[in-house]
Amino acid sequence: HTQFAMRPAPVLALVSSLGRSHAKITPAIDVSGLKIFKIGEEGSLIIRQAAAFIPQLTRIVKYASGSVASSRSAASHPSLLPREMARPPPEHLHGEVWRNLKRFGSDKQMPVHNYSLVYSQIFGELGRSSPLRLLEIGLGTNNTSVISTMGIHGRPGASLRAWKSYLPSASIFGADIDPNILFTEERIRTTFVDQMVPRSFTTMHRTYGDMPFDIIIDDGMHGITSGINTILYALEGGVKAGGWLVIEDIPPAQVPAFEIVDALLRGGQVSRAKLQTTLVCPTRTRRNYMYVIRVG
């Protein structure tokens, strides 16, 4: 019985963006001006994501435990960070995060993404020396046959090793759809996860002791469905109170979908936690956004 207004343009952008990031579609035949496509195995993500989107929104509404059309509008909900990062954090914080990301070859650092601006603020609040539990989904596979590949020059595990170096007391956990890049070393454990399959998150959670995390970072498939599945996992027990969720690498075409999710979360009377959320673009090019949630 929930009703809310939706502008046509964002909806059209949303439909056209489903599966766009990684689906491999090749033109086949033109019939009366209509382009017909052959959809390969990866291209079937378009269909899977479209089919999953409305059920996912239903779960978001259920989590929010209230009507979207509440007295507190989305526009009045507090944001964690400005939509565009105008002021960087203190240099000694930002620089240390950046140096570790660069040292291990992570693409989160400048000038590619500039995500260190956001992470310096998050870890400044969590406490860099605290015994944190950090989970990053997406290890950076360099297998070009895998849908979330970073290409042949990718460095699997680069970010995990950067977090291990930057967070001296943290336990670092990783997950990826490519089983061939999983590894274990001091203070780092990794396991398999398929972000398109919700029960895969349950298996991953059990593997890591059925304990919530202080921060979850989604640098995995970079699709709408995979991102929302990660959000649902985080809100339904994956992130502890006072913890954070960060969805990286959201292209402009997918922003309308995350704005819908954000409106649902902001408008509902959340039963288990008070959320603070924001979409933030740390780069001037506006090429990629991050969706950030802090669980109160």
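Which helix is S159 found in? Select residues 158–166 in this predicted model. That stretch is helix α5, and S159 sits in it.

**Stop 1: S159**

Is it buried or exposed? S159 has a relative accessible area of 10%. Buried means under 20%, so S159 is buried. Next, show its contacts. Leaving out residues up to four places away in sequence, S159 touches S106, K108 and E136.

**Stop 2: α6 and α7**

Two packed helices are described by the angle between their axes and the distance between the axes. Select residues 198–207 for helix α6 and residues 224–238 for helix α7. Their axes are 10 Å apart, and the packing angle is about 45°. The two helices are therefore oblique to each other. The crossing of α6 over α7 is right-handed.

Show the side chains at the contact. From α6, pick P198, F201, M204 and H205. From α7, pick N229, T230, Y233, G237 and G238. Sorted by class, this contact has 4 nonpolar and 5 polar residues, with no charged residues.

**Stop 3: α7 and α8**

Which residues of α7 meet α8? Select I224, G227, I228, I231 and L235 in α7. Across from them, α8 brings A257, F258, V261 and L265. By class, the contact of α7 with α8 has 8 nonpolar residues, 1 polar residue and no charged residues.

How values were computed
Residues numbered from 1 in each chain as written. Predicted model: local features only at pLDDT ≥ 70, side-chain atom pairs only at ≥ 80, totals over all residues. Heavy atoms only, no water. Helix = DSSP H or I, 4+ residues; strand = E, 2+ residues; numbered from the N terminus. Buried < 20%, exposed > 50% of the residue type's maximum accessible area, 1.4 Å probe, protein only. Contact = heavy atoms within 4.5 Å. Axes fitted to C-alpha atoms, helices over the stretch in contact; angles between N-to-C directions. Parallel < 35°, antiparallel > 145°, perpendicular 65-115°, else oblique. Left-handed = near helix turned anticlockwise from the far one by under 90°. Nonpolar A, V, L, I, M, F, W, Y, C, P; charged D, E, K, R; others polar.
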